[in-house]
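Please open the sequence and the 3D view side by side.

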Amino acid sequence: MSSMSSMPMGRIEPDSSRGGSATIGKAVKIAGQIFSREDLYVDGDVEGTVELMDHKLTIGPNGKVHAGVKAREVVALGVIQGNVEASERIEIRKDAKLVGDIKTARIVIEDGAYFKGSIDIVKAEPKPAANQARQQSAAPAPPAPVVATAGAGDTKR
Amino acid sequence: MVLLSDRLKSILRGRPLYEEAGLSANGGHHLPHFVSKPAGGAVLESRQSRGLDQFFGSFRDQIGLSILDLGGACQENVNFITSLGHKFYSEDFLRIFHETFGEDRADQSNSGRIDYFLRQSLEYPDEHFDGVLAWDALEYMEPALLSATADQLLRILKPKGYLLAIFHSAERKQTSPCYSFRIQDLRTLQVSRCGERAASHQLFNNRGLEKLFHKFESVKFFLARDSLREVIVRK
């Protein structure tokens, strides 16, 4: 039973303070698959897979991600346990913990970060379509949904 | 001459010495020994390393090798190793060591604890790595644990693979300073002191090291200043 405190059940909504990115707050736990067509900030617990192919994933200082992660850019301030593919770059900040294998074009590791695993540097492939989509997403647009495919009763308060 | 004028310019401009270290790394010059101070406040020392030179020299003209760094991930080592086209593996060996054994030396003879520690830190397939950078991680272990660790390193190294280890003193001491090692270029390390640990009862003189690595094909020593021994071991 989770000790997490009250919050609407599994509610994931864009956080206007983060420039339109979606947020999983620190009181939320999700088990399942997350696909997002916008940037995502995770400060809660996620188990499963997280895919944001052309977007940025930030794991906040309270975030715990036990999942395979695919994103354009990953910034870790909390914990990631799982393999990470970041097509452009990954940053592992001081006090972050990452256990898993990384595939990326660029990596930044701050002193004090904990990393256990392997690093494969792969050249970033130019994606004109993706860049175009990113430019479009900079313009005002209705928030794209975060699809959390959770198992029965997996989203906990 | 160029180096001298750069240093003079730095002094005249009041530039901190650690910026010179950056210049050295980028410019490929090999500065003589000096001490600098990075942003984090730890004292850094640039020093030539024949062991490092030999280690990477043995992989010359090869790419796509698997190199394990037991010193934990740091930006410099990741950049250096991946820029050579190799795959970088990281283990924060001393952190796991400390989490497993703390200050309890007796525990380092307990076979159950030793197995647990080795599962946490070196659980890789047989013959997985072309090279292992152990730095000074072996220096703080008691003989039973050290011997088991050497066996495990032998297991995960490929035939003809190399291990680089560093030992600070051949004398018995109560405590031994520990360091972090950052690769500046093929022959230069930036070394910063990061605390002190209880020293091992193992003696790390040439004979002790030969005995420790007796299952490997060859052991080569480089005795540097400050009683530092760099050891290259070949499987």
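## Before we start

This is a predicted model, in which local features need pLDDT of at least 70, side-chain atom pairs count only at pLDDT 80 or more, and totals for chains, interfaces and linings use all residues. Residues are numbered from 1 along each chain as its sequence is written, while chains are lettered from A and ligands numbered from 1 in the order in which they are written.

## Chain B

Chain B has eight helices and ten strands (DSSP runs numbered from the N terminus: helices are H or I with at least four residues, strands E with at least two). Of its 235 residues, 38% are buried, meaning that 20 or more other C-beta atoms, placed from the backbone, lie within 10 Å of a residue's own.

## Where the chains meet

Twelve residues from chain A and twelve residues from chain B form the contact (C-beta atoms, placed from the backbone, within 7 Å). On the side of chain A, strand 11 gives the most, with eight residues.

Strand 11 of chain A also pairs with strand 4 (residues 87-90) of chain B, antiparallel and over three bridges; pairing requires at least two DSSP bridges. Ser118(A) has Tyr89(B) in that strand of chain B as its bridge partner.

## The largest core

The largest nonpolar core has 89 residues; such a core is a set of buried Ala, Val, Leu, Ile, Met, Phe, Trp, Tyr and Cys residues joined through C-beta atoms within 7 Å. Strand 6 (residues 157-167) of chain B provides the largest share, seven residues.

Ala134(B) is one of the residues that touch the most other members. Leaving out residues up to four places away in sequence, Ala134(B) touches Leu70(B), Leu163(B), Leu164(B) and Ala165(B).

Key. Two residues are in contact if their C-beta atoms, placed from the backbone, lie within 7 Å. A residue is buried if 20 or more other C-beta atoms lie within 10 Å of its own, exposed if 12 or fewer, and partly exposed in between; C-beta atoms are placed from the backbone.
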